[in-house]
Structure formats: C-alpha cells, structure tokens
Amino acid sequence: MNQSTPVTVASDRASKRKEEKRNRLLSAARKLFVNKGYHETRPQDIAKEADVAHGTFYSHYTDKREIFLAFASGAQEDLHTYVHARIPKVDSFEEYIRYSLTAIQEFAEQNPGLLRSALVDTKVFDPTDSTSKEVRTRFASGFIKQLQNAKVKGELYEDIDPDLIGHAMMGLIQFSAPMAYRKGQSRQEYVDHLSRFLTRALVKLPKYLT
C-alpha cells in the first residue's frame, strides 16, 4: 500500500498539470477567437498564447474545430448561467422574453465580442463544416424549451414551430443588437423594441404589451 503512494501522487500531479495546460489552451483560444476571429486564429497561435509547445495543443485537441466547439460550449454555459440567475419566476412567455433579452444584453455588454465570436458561421470558411449548426442549436436550446412550454400552455399561436422560432430568435438578437448600438439606442430601448416585436408575433393574448 505504502509503495504505491508515490506512484499515485505522481499520477495525480501529472493529471493536474495536464488539466492545467488544457485550461490554459482553452483560455487562450477564447481570447484569440474573440479578438481575432475564428478564421484568423491558428492552433499554433493558441499554443503560443497559452505558453505551451505547439505539439501540446494536439495532445489535448484534435484540431481548431474541436477547441472552438469547447470555447463555444463554455460561452453558451456562461450565458445560460448568467441569464438563468436573472430571470425571476414568471407566469408567461411574454414576461420571459423581456427578462431574457435584458439579461442577454447585459451579458453581451460585459463580455464584448464573446457571443459574436461563438456564433460565427464556420461554413463561410469550410462549406463542409457543421460546427456553426451545432453551436447555434446549443444557444437556441433555452428559447426552444420556453417556446415548447408556452405552446403547450396555449400562450402561443398554434402554428408556431418552437425549433424554427428558437433559432430565429438567436439570429434576430445576433444581428439586431449591433444595429441598435450603431443607432445609439440604449439597452432598454432595444429590449422594448424586440420584446414588442416578438410578443406581437408569437403571443395570442398579450397582457403587458404597450
């Protein structure tokens, strides 16, 4: 038993070092994807930013696509955690829209470029790549679930397709938020505009629409 202890300790240390390097690579990838974009970021750039050997990158990730998916998954989890903590118990999808849009905008303001970078369409660079589809599905999943629940409760029009509209809502936010910023609209003005639009389009009998 005692003779195995040094081996176990050494193994634990090696595992911790491996995990630490993996985390450094992911942190470096996050920084570079946000600042340089998916296309301009190379595995060797990530390794250099993480201060590890180039070959170390391939000890942890198969290629850039794999680490990008890890980055996007982390961004999605961060967004979900942030938004979930800021939505109180609500009685309607109409209320959920307003709270979720406000939280998403707050998150985007606190993490400049993160959502834009995570939602990049990788097919622009590689027509065979399905990465963007996987990432967008993850980000849209929260909306899809809420849409499904609201439809079961009879709040939405019967012909609403939760999967389609959930993805559409992510695209709407992704492309409309930068325009609102360029127009000089405040966060509240943007949330008000988008909330009214989505409520009128989806909810049969709005209660709080103004």
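Which residues in α7 meet which residues in α8? The model is predicted. In it, Arg136, Thr137, Phe139, Ala140, Phe143, Ile144, Leu147, Gln148 and Lys151 come from α7, and their partners in α8 are Pro162, Asp163, Ile165, Gly166, His167, Met169, Met170, Ile173 and Gln174. Sorted by class, this contact of α7 with α8 holds 10 nonpolar, 5 polar and 3 charged residues.

The geometry of this pair comes next. Helix α7 spans residues 131–152 and helix α8 residues 162–182; they pack at an angle of about 125°, and their axes are 7 Å apart. That angle makes α7 oblique to α8. The crossing of α7 and α8 is right-handed.

Helix α8 also packs against α9, at an angle of about 150° and with the axes 11 Å apart. Angles over 145 degrees count as roughly antiparallel, and α8 and α9 are therefore roughly antiparallel to each other. Their crossing is right-handed. On the α8 side the contact is made by Ile165, Met169, Leu172, Ile173, Ser176, Ala177 and Ala180, and on the α9 side by Tyr190, Leu194, Phe197, Leu198 and Leu202. The residues in this contact of α8 with α9 comprise 11 nonpolar, 1 polar and no charged. Ile165, Met169 and Ile173 of α8 take part here and are also among the α8 residues that meet α7.

The largest pocket holds about 690 Å³ of space. It is lined by 27 residues, and those closest to its centre are Ala108, Arg116, Gln174, Ala177 and Pro178. Two or more lining residues are given by each of α5 (93–110), α6 (114–118), α8 and α9 (187–202). Helix α8 supplies the largest share, 8 residues. By class, the lining of the largest pocket has 16 nonpolar, 6 polar and 5 charged residues.

The lining of the second largest pocket divides into 10 nonpolar, 7 polar and 3 charged residues.

Methods. Residues numbered from 1 in each chain as written. Predicted model: local features only at pLDDT ≥ 70, side-chain atom pairs only at ≥ 80, totals over all residues. Heavy atoms only, no water. Axes fitted to C-alpha atoms, helices over the stretch in contact; angles between N-to-C directions. Helix = DSSP H or I, 4+ residues; strand = E, 2+ residues; numbered from the N terminus. Parallel < 35°, antiparallel > 145°, perpendicular 65-115°, else oblique. Left-handed = near helix turned anticlockwise from the far one by under 90°. Contact = heavy atoms within 4.5 Å. Nonpolar A, V, L, I, M, F, W, Y, C, P; charged D, E, K, R; others polar. 1 Å grid on protein atoms, 1.4 Å probe; cavity = no way out; pocket = protein on both sides within 12 Å on 5 of 7 lines; lining within 4 Å. Points joined across faces, edges and corners; volume = space filled by probe spheres on them.
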